[in-house]
Structure formats: structure tokens, C-alpha cells
Amino acid sequence: MPAVDRNPLPITDLLDWSDRDKSLLLSVLTGLLMLGFLGWLLFTVNYTRFGEQFLSVEGAGLARDIFLFNVIGWLLLSCWGMALHKTKRHSVAYPNVCIHFFGFSFLGIGYVMGLYNPIVGLVLVGSPLTGFILFDFKRVTCSLVIHTVMVLAIYALIVQGKLQYAPMLKADPVTKDLVSVYWVNSMIAFATPFLAMVFGFTYVLLRRWQIREKQIRALAVTDPLTGLDNRRALFDQFSYELARSRRSGNPVSVCVMDLDHFKQINDRYGHAIGDKVLLMVARVLRDCLRETDRIGRIGGEEFMLLMPETDQQGAEKVIERCRQRLNDTPVEVEGQAPFHISASFGVTCSGTGDTLGEEQLFSRADQALYLAKEAGRNRMAFWSLSQEAVPA
Ligand SMILES: Nc1nc2c(ncn2[C@@H]2O[C@H](COP(=O)(O)OP(=O)(O)OP(=O)(O)O)[C@@H](O)[C@H]2O)c(=O)[nH]1
């Protein structure tokens, strides 16, 4: 087996654990449950009136042997898992043995306590749920089918009188006339840790699902490199701001910004430095703009600035500040002299009574950007009312 181990062990990462470590956790938890069952039996037989009244001597002996067998089995499985974990070895057999032994353990308990016992029903529902959360579908289904068939077989043998029903009990502790409080409390005590285990695993699964949902939603609207808005998020916001502007009469300015000769930076310093420049640009733009403005990266080295309630003069001031700050911020490169960058900006502004949509305004800003590039770069150009972009 390859000695590969990529297991982080914080409990919140449970679903990322290897099958080996999940099986080890299952072994330890189930082992403790079995130890609890054994402790309960020994205590009940030796120290309670319930033992005298309701437990049969041979049946209790059989139950003790089954519980003890389970405790020893889980102890050995825990040791096996620990050894695999310590040596960082993976084993296909270990999870399989654990999954099948899990079903087998509870089958034995169900048999001695009685198949109609509510705890058996609980285990029948909770175990596959836990299994499907922790392990792959095929393995768990296989175990589920085997153990369901075994339950049915035991049931058939009981119906035919070949097996005794609930051999541990010599009398039913819950009848129409008599309900043993000790038995009911014991069942609750058995069910509680099992339920806690199932709820715990379900919680981990749901928590993971919630986190993933959040991440997916964030990814859908975020540029992964810079953490700025992506094109979709920005256009959604643009559409909203235009609707607001139509109601309030306040203008919205939009600017498309493109770094100058970025290809040369990539070619000369490599993509990693190119990415570093993009991150620096994102930081500078964030610093220069108001909190109510939105910045996004809409292409490789193309950014878009959305400035609500900002007219042409206001936009000019902000953009000049951005342009200047980008010029003034050196890019540090290890072992080489720092270099400076520049960017060109195309700007347009939604006029009062404008009915232009976001795509049309964006297209105007883009055309203005083209003009800024044509005019020599490192400058801004506005889209004029005469339908032509003019350098500022
Ligand atoms: N490092 C890095 N480079 C990128 C990324 N996205 C696009 N690029 C690069 O950006 C460069 C864009 O080059 P061009 O479109 O020719 O533009 P330019 O060199 O900036 O020239 P002008 O815009 O005309 O000033 C290409 O080399 C792309 O590979 C990115 O996420 N990271």
C-alpha cells in the first residue's frame, strides 16, 4: 500500500478524512457504545431487581457473550486502525471490515434484546444514514442489504419457533398492565449516545453543505485572483444603479480600465509577477474609490469601476487619482529593480433622462478606452455627448 497521508484531522474536516480514519473514529465510538451496553448488562444482572424479574439466566449469559465479543472486536478494530493511522498506511479491507462488523454488532444486540425493540428501529435508520455520510454508497448499500437479509432471516426463524424471541428477557418489561421504568430509562440511555453520534455526523455534513453553498455563491460573483467583483456581479449592480439613477435623477459614471503593455510585464517577469501586479492594482483601486463605488475585474487585465451618484467631473477626479496612484506605486521584484505600471481609462456617464442600458453604457466606456489607448495610453478618455470619445 502506498504510504500517502493527506488527512487533516480537525473534526470539522471529518468528511475529508480518509476511509481509514473515519473507520477508526467509528470503531472507537461504537466500541464505547458496546462497552456501555456491557456495563449496563453486568450492572443490571448483579445489582437490580429488574435483572431478577425480567432477565433470563441463560439469555443474559448469551447477551453478555455477545456484548463482550463486540467490545473485544471493536477494541481490536480500533488497534488495527490506530496502527494503520500511525504508519500512515491505507487499507481497503479495514473500512469494509468496520462497516460489516458495525451491522453485525447491532444485529446481535437486536436479536438478544428483541427485534421489535425501538432501539433496533433506531439503529436500522441511523446506521445507514451514518454510513452514507461517512462512506461511499456501494459499500454501505452492500452492508445494508446483507444485514437486512439477516434481520429477515432471524425474524423468519423466530416466527417458525426455531429461534427464541429476545432470549435475554424472560418476561416482557413493557406490557399493557406493566411498564418497567428501569427498562424504558435503559432504552433511552442506549438511544441517546447513538442518536448523538448520528446527529453529530449529520451536523458535520449539513455544516459542510452550508459552507460549500456560501463558497459557490461567492465564487459565482467574485474574481478568484483579486477577490473583486466579477463581470456578472458588476453588471447586476450596474443595472440596479441605473434603475436608481432613473428614479433619483443622479448620474452614474462607469469606467473601463486596462493596464498598459501588460503582456510585456508577463513576458519579462513571468505570470506570477503579472498576477502580483493585478493584485496590487486591485488594492490601489480599492484605496482610491469610495465605499459606495464598485470595482471589478472583467477580463485578464481589464477592470471596471462603477461610481453611483457621480457626474463626469467627479469621475474625472477619482480616475485621475487612480491613474496617478498606479503610476506612483512601484512593483517590487525580488533580485531586480522595481518597475512602474500605467493604465488607460475609458469613462462615460449616464445623463439625466437617459434610457441607455448597462450594455450600451459599457460599450461607450469601452470605446472611450480604445481612444485613450490610441492617444498614447496612461490617460483617460470620456465618451462625449456628440457620440465620440474625447481624450480628457
Ligand atoms: N499574469 C496574468 N496575466 C494575464 C491574466 N489574464 C490575462 N493576462 C495577460 O494579459 C496580457 C494582455 O495583453 P494584451 O491584450 O496584448 O494587452 P497589453 O499588453 O496590456 O497591451 P495594451 O492593452 O494595448 O496596452 C496577455 O499577455 C495575457 O496573457 C492573468 O490573470 N494573470
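Q: Leaving aside its neighbours within four places in sequence, what is I133 in contact with?
A: In this predicted model, I133 is in contact with F201, T202 and L205, once neighbours within four places in sequence are left aside.

Q: How far apart are the C-alpha atoms of I133 and L205?
A: They are separated by 6.9 Å, although I133 and L205 are 72 residues apart along the chain.

Q: Where is I133 found?
A: I133 is part of helix 5, which covers residues 118-134.

Q: Is I133 buried or exposed, and why?
A: I133 counts as buried because it has 20 C-beta neighbours inside 10 Å. The cut-off for buried is 20 or more.

Q: Which residues does UniProt list as "transmembrane region"?
A: The UniProt record, an unreviewed entry, lists residues 24-46, 66-85, 144-161 and 181-206 under that name.

Q: What is the chain like over residues 24-46?
A: Residues 24-46 are 100% helix and 0% strand, with the end C-alpha atoms 33 Å apart.

Q: And over residues 181-206?
A: That stretch is also 100% helix and 0% strand. Its end C-alpha atoms are 36 Å apart.

Q: Zooming out, how many helices and strands does the chain have?
A: The chain has 12 helices and 8 strands.

Q: What percentage of the residues count as buried?
A: Of the 392 residues of the chain, 31% count as buried.

Q: How much of the contact list comes from residues 24 or more positions apart?
A: Such pairs account for 68% of the contacts in the chain with a separation of 6 or more.

Q: How many residues are in the largest nonpolar core?
A: That core has 42 residues. Those with the most contacts inside it are V254, C255, M304, L305, F345, V347 and A365.

Q: Which elements give two or more residues to this core?
A: On the helix side they are helix 8 (231-248), helix 10, helix 11 (312-328) and helix 12 (358-374). On the strand side they are strand 1, strand 3 (302-308), strand 6 (343-349) and strand 7 (380-383).

Q: How many residues of strand 6 are buried?
A: Strand 6 has 7 of its 7 residues buried. A343, F345, V347 and C349 lie on one side, and S344, G346 and T348 lie on the other.

Q: In what sense do strand 1 and strand 6 pair, parallel or antiparallel?
A: Strand 1 and strand 6 pair in the antiparallel sense, over 7 bridges. In that pairing, S253 stands opposite C349 in strand 6.

Q: And strand 6 with strand 7, parallel or antiparallel?
A: Those two pair in the parallel sense over 3 bridges. V347 has F382 in strand 7 as its bridge partner.

Q: What joins strand 2 to strand 3?
A: A hairpin joins them, through 4 residues. The two strands pair in the antiparallel sense over 4 bridges, and R297 stands opposite F303 in strand 3.

Q: Are the faces of strand 2 covered or open?
A: Both faces of strand 2 (residues 294-297) are covered. R294 and G296 on one side are buried, and so are I295 and R297 on the other.

Q: New topic: which residues come nearest to the ligand?
A: Of the 16 residues around the ligand, D260, F262, K263, G274 and G300 come nearest. The elements giving two or more residues to the shell are strand 1 (252-259), helix 9 (262-269) and helix 10 (271-288).

Q: Which element gives the most to that shell?
A: Helix 10 does, with 4 residues.

Q: How many residues of the shell are charged?
A: There are 7 charged residues, along with 5 polar and 4 nonpolar.

Q: Last one: why does L326 count as buried?
A: L326, in helix 11, counts as buried because it has 23 C-beta neighbours inside 10 Å. Leaving aside neighbours within four places in sequence, L326 is in contact with V281, V284, I341, S342 and A343.

Note on methods. Residues are numbered from 1 along each chain as its sequence is written. This is a predicted model: local features need pLDDT of at least 70, side-chain atom pairs count only at pLDDT 80 or more; totals for chains, interfaces and linings use all residues. UniProt positions are given in the numbering used here, feature names are shortened, and annotations may be inferred rather than shown by experiment. A residue is near a molecule or strand if its C-beta atom, placed from the backbone, lies within 6 Å of it. Ala, Val, Leu, Ile, Met, Phe, Trp, Tyr, Cys and Pro count as nonpolar, Asp, Glu, Lys and Arg as charged, and the others, Gly among them, as polar. A nonpolar core is a set of buried Ala, Val, Leu, Ile, Met, Phe, Trp, Tyr and Cys residues joined through C-beta atoms within 7 Å. A residue is buried if 20 or more other C-beta atoms lie within 10 Å of its own, exposed if 12 or fewer, and partly exposed in between; C-beta atoms are placed from the backbone. Two residues are in contact if their C-beta atoms, placed from the backbone, lie within 7 Å. Two strands pair if DSSP finds at least two bridges between them.
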